[in-house]
Amino acid sequence: MANQEDQFKKVISHAKEYGYVFQSSEIYDGLSAVYDYAQNGAELKKNIREYWWKAMVQMNDNIVGIDTAIFMHPTVWKASGHVDAFNDPLIDNKDSKKRYRADVLVEDYTAKIEAKIDKEVAKAAKRFGDSFDKDQFLATNQRVVDYQEKINTILKRLGKSLENEDLVDVRNLIDELDIVCPISGSKNWTDVKQFNLMFGTKLGASADSAMDLYLRPETAQGIFVNFLNVQKTGRMKIPFGIAQVGKAFRNEIVARQFIFRQREFEQMEMQFFIQPGTQQEWYEKWKENRMKWHLSLGLGQENYRFHDHEKLAHYADAAADIEFKFPFGFKELEGIHSRTNFDLSQHEKFSGKKLQYFDNDLKESYVPYVVETSIGLDRMFLAVFSNSLEEEELENGTTRTVLKLPAVLAPTKAAVFPLVKKDGLPELAHEIINELKWEFNVFYDEKDAVGKRYRRQDANGTPFCITVDHQSLEDKTVTIRHRDTMEQERVAISDLKTMINKAVAMKEWLMKI
Ligand code: ATP
């Protein structure tokens with residue numbers, strides 16, 4: 001655990017030191033759970049956004065993208081159920097005065113049991129060596145089976161009591177499991193209460209006529225209320241999807257995990273409109289599609305897993321998370337939800353407008369069903385960033401810090417160095433930059449020894465370093481160094497563009513999906 005915490009601390013300090021993420025309003029001691037993306041962070045975030053957008057919108061001729069307002073008519077949130085049901089169960093510890101999400105306390109408890117399972121697996125893997133079969137071990141080792149059963153029983157009960165809004169039972173569960181406050185160590189808990197996560201604000205200048213508004217807690221509703229507009233103007237035929245990326249706001253109760261859980265964050269959502277009755281098939285398809293998108297980035301298959309929801313949201317008939325192994329364990333990165341026709345039917349009811357589709361094949365009108373994919377851009381950022389940060393032991397006994405970002409997402413694709421600051425080398429380096437900058441973000445650095453400049457770019461995540469030396473003046477070749485292998489090769493300046501492109505172009509990566 002301590003190791004995990006250390007690793008997470010390293011991630012946070014590296015993000016700051018290398019201009020990826022700053023705390024919001026830092027000079028005023030910051031604002032809790034709000035963050036700013038710095039010069040490199042903004043580029044990484046933009047690249048993730050673009051990679052998602054291209055995979056969803058550009059590569060699918062039946063998916064279009066929109067960009068709707070953050071403010072929406074307040075009735076939207078009544079119709080969607082957010083006014084009544086967008087709550088988290090909170091609980092306070094009377095001794096530390098700290099507030100927690102009751103469900104998270106229980107989930108953290110089960111995560112500890114899971115850590116025990118991992119330990120057993122690691123021990124057995126060591127013992128059995130090459131002949132170790134993890135699946136068989138998980139299924140047959142009695143201790144592990146008991147642990148897993150305990151986890152399942154707890155989560156099932158939690159899911160059930162949350163679904164039935166039985167907050168007394170959630171509290172009982174916390175008591176029965178002897179869960180203590182991590183700060184005070186005491187079990188002196190209050191009752192569990194519901195807390196609405198939406199931020200309220202007002203529209204209009206005068207107090208009397210002002211209208212109560214909410215900052216949207218999800219981008220999906222902007223898609224639902226525009227469903228017919230898009231369908232008609234885009235002449236879309238079911239099945240089709242509408243995608244959007246945008247800010248969402250939630251007054252999170254507990255927000256202590258850096259950019260994982262923020263009060264202002266960005267979502268990348270896609271609502272896929274389908275014939276009623278086909279939801280199971282599309283739900284499976286989108287689970288598979290989205291997992292392929294993740295795996296194409298090469299962060300390691302072992303770092304992902306599906307988690308099927310026990311507790312379904314008020315709108316869903318099936319739901320799963322894609323969980324990622326963050327520095328603090330497996331947590332939700334993306335949700336895939338079969339939302340039935342709940343949202344569109346509710347908007348029909350509340351607006352009095354028909355939101356139906358005439359299906360030419362079936363010769364009938366219906367309210368479409370929806371399968372949604374919803375991923376947090378900031379969480380994806382954290383997944384990519386934390387997974388890429390490595391402290392690497394080198395053969396000569398030293399270590400290097402390297403940010404092995406997928407090259408397609410790296411903020412800067414290449415850094416160009418003149419070996420020395422004279423003899424026309426800086427001029428040639430600038431010439432190279434002037435050529436490459438039409439295609440990629442490139443960076444010039446002439447300070448310090450080349451080895452030091454390499455290290456800075458390693459820590460920054462730059463996939464290529466190009467060094468211009470005296471030979472370059474004669475034969476128009478340079479040394480290109482690869483971030484991950486540290487290998488160097490001599491290449492013609494005229495080949496640089498093609499070579500870098502092969503490694504970083506979105507097309508090359510999208511083709512892997
Ligand atoms: P959690 O259980 O972690 O609170 P959720 O189930 O409420 O998440 P959804 O409503 O399904 O999340 O939202 C879809 C996605 O939006 C999540 O998978 C996550 O990536 C992202 N997301 C949700 N809340 C936050 C937040 N506070 N900060 C950053 N990203 C978030």
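I27 counts as exposed because its relative accessibility is 75% (exposed means over 50%, buried under 20%, partly exposed in between, with a 1.4 Å probe and protein chains only). I27 sits in the loop between β1 (21-23) and β2 (35-37); strands here are DSSP runs of E with at least two residues, numbered from the N terminus. From I27 to D469 it's 442 residues in sequence and 43 Å in space, C-alpha to C-alpha.

A quick word on the source: this is a predicted model, where local features need pLDDT of at least 70 and side-chain atom pairs count only at pLDDT 80 or more, while totals for chains, interfaces and linings use all residues. Residues are numbered from 1 along each chain as its sequence is written, and side-chain values use heavy atoms, with hydrogens and water left out.

Now for the ligand. Its shell has 17 residues, and E252, R261, Q262, E332 and L333 are the closest (a residue is near if one of its heavy atoms lies within 4 Å). By class, that's seven charged, six polar and four nonpolar residues.

| Residue atom | Ligand atom | Distance |
|---|---|---|
| Q262, backbone N or O | nitrogen | 2.8 Å |
| E332, polar side-chain atom | oxygen | 2.6 Å |
| R379, side-chain N or O | oxygen | 3.0 Å |

Taken alone, the ligand exposes 590 Å², and the protein buries 87% of that (Shrake-Rupley areas with a 1.4 Å probe).

Note on methods:
A polar contact is a pair of N or O atoms within 3.5 Å; within protein, one must be able to donate a hydrogen and the other to accept it, and residues adjacent in sequence count only if both atoms are side-chain atoms. Ala, Val, Leu, Ile, Met, Phe, Trp, Tyr, Cys and Pro count as nonpolar, Asp, Glu, Lys and Arg as charged, and the others, Gly among them, as polar. Helices (H or I, at least four residues) and strands (E, at least two) are DSSP runs, numbered from the N terminus.
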